[in-house]
Amino acid sequence: MVNHEVVNDQFIVQVANENHLRLAETICKEMEQSAKARGTGIAKRSPIYVMEKMLEGKAIIATTLSGEWVGFCYVETWDHGKFVANSGLIVHPEHRKSGIATRIKAKAFELSRTRFPEAKIIGLTTSLAVMKINSDLGYQPVTLSELPADEAFWKGCQTCVNYDILSRTNRKHCLCTGMLYDPEEHKKTEKNEKWNFLKESKLYERWMRLKERILLRLHLHDRQRKPERELEPVH
């Protein structure tokens, strides 16, 4: 059982339930606005979808002590439970940089490990802040080929502004970075020193900027290139 947590005597972080259904539309609107502001993608979700996650006990929500929405994240399964994704992390603009995102992700991770202890936990993100949170939880960066082959998983990327890059490279490259927590591998390496994200983050940030420039340049080149004229049949 995943218990609720009171953070700094200000916020409650818990598994969402029917009492939070009224917040679904607000959460979806903030997801969409946040994606537009960043200029990067986030799978667009409907209030009905978010409500379903709440009723299934597959979502984490943070609220103020008076019940106002602060942050949200949900859990999704793929390949018959072999993979679990903690997706849709969003924090209300007024509460960003408060550390609440870290607590939400930690609680979503705990929920995933409790309900699906054998599953690999995956993530796709362009955010260095999210990458750091994931790294602290034991995730490692992986190639996109190590993520689920399930078409339904990749369908969620179709609303992203960078989907064309992903599709043209046959899902080999994208501005997003794939991350994975493998419970079996973690058992083998838990005695070893964890990857120090803070130590490597500057290098990783430069690599992300370089990747973005290369992929966007290729994308622009392909769009500007005129299609070759087909040969007309000779009669």
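Mentor: Then we begin with exposure: a residue is called buried under 20% relative accessible area, exposed over 50%, and partly exposed in between. Please keep in mind that this is a predicted model.

Trainee: What makes Lys-29 and Glu-25 a salt bridge?

Mentor: The cut-off asks for a side-chain nitrogen of Lys or Arg within 4 Å of a carboxyl oxygen of Asp or Glu, and the closest N and O atoms of Lys-29 and Glu-25 are 3.6 Å apart, so the pair qualifies. Both residues belong to helix α1 (residues 24–38), where they are four residues apart, about one turn of the helix. In general, an α-helix has 3.6 residues a turn, so residues three or four places apart point the same way.

Trainee: How do you know that Lys-53 is buried, and which residue is its salt-bridge partner?

Mentor: Lys-53 has 5% relative accessibility, which is under the 20% limit, and therefore counts as buried. Its partner is Glu-56, with the closest N and O atoms 3.9 Å apart, and Glu-56 counts as partly exposed at 39% relative accessibility.

Trainee: What makes the salt bridge of Lys-120 and Asp-182 a tie between separate parts of the chain?

Mentor: The closest N and O atoms of Lys-120 and Asp-182 are 3.9 Å apart. Lys-120 lies in strand β6 (residues 120–125), whereas Asp-182 lies in the loop between β8 (177–181) and α7 (183–189), so the pair ties together parts that are 62 residues apart in sequence. Asp-182 is buried because its relative accessible area of 16% is under 20%, while Lys-120, at 31%, counts as partly exposed. The structure holds 11 salt bridges, and Glu-5, Arg-103, Lys-107 and Glu-110 are linked in a network of them.

Trainee: Why is Thr-63 called buried, and what does it touch?

Mentor: Thr-63, placed in strand β3 (residues 59–64), has 4% relative accessibility, under the 20% limit, and so counts as buried. Leaving aside neighbours within four places in sequence, Thr-63 is in contact with several residues, among them Phe-11, His-20, Leu-23 and Trp-69.

Trainee: Which strands are called edge strands of the sheet?

Mentor: Eight strands form an open sheet with mixed pairing, in the order β1-β2-β3-β4-β5-β6-β8-β7. The edge strands are β1 (5–7) and β7 (140–142), each of which pairs on one side only.

Technical notes:
Residues are numbered from 1 along each chain as its sequence is written. This is a predicted model: local features need pLDDT of at least 70, side-chain atom pairs count only at pLDDT 80 or more; totals for chains, interfaces and linings use all residues. Side-chain values use heavy atoms; hydrogens and water are left out. Helices (H or I, at least four residues) and strands (E, at least two) are DSSP runs, numbered from the N terminus. Buried means under 20% relative accessible area, exposed over 50%, partly exposed in between (1.4 Å probe, protein chains only). Contact means heavy atoms within 4.5 Å. Two strands pair if DSSP finds at least two bridges between them.
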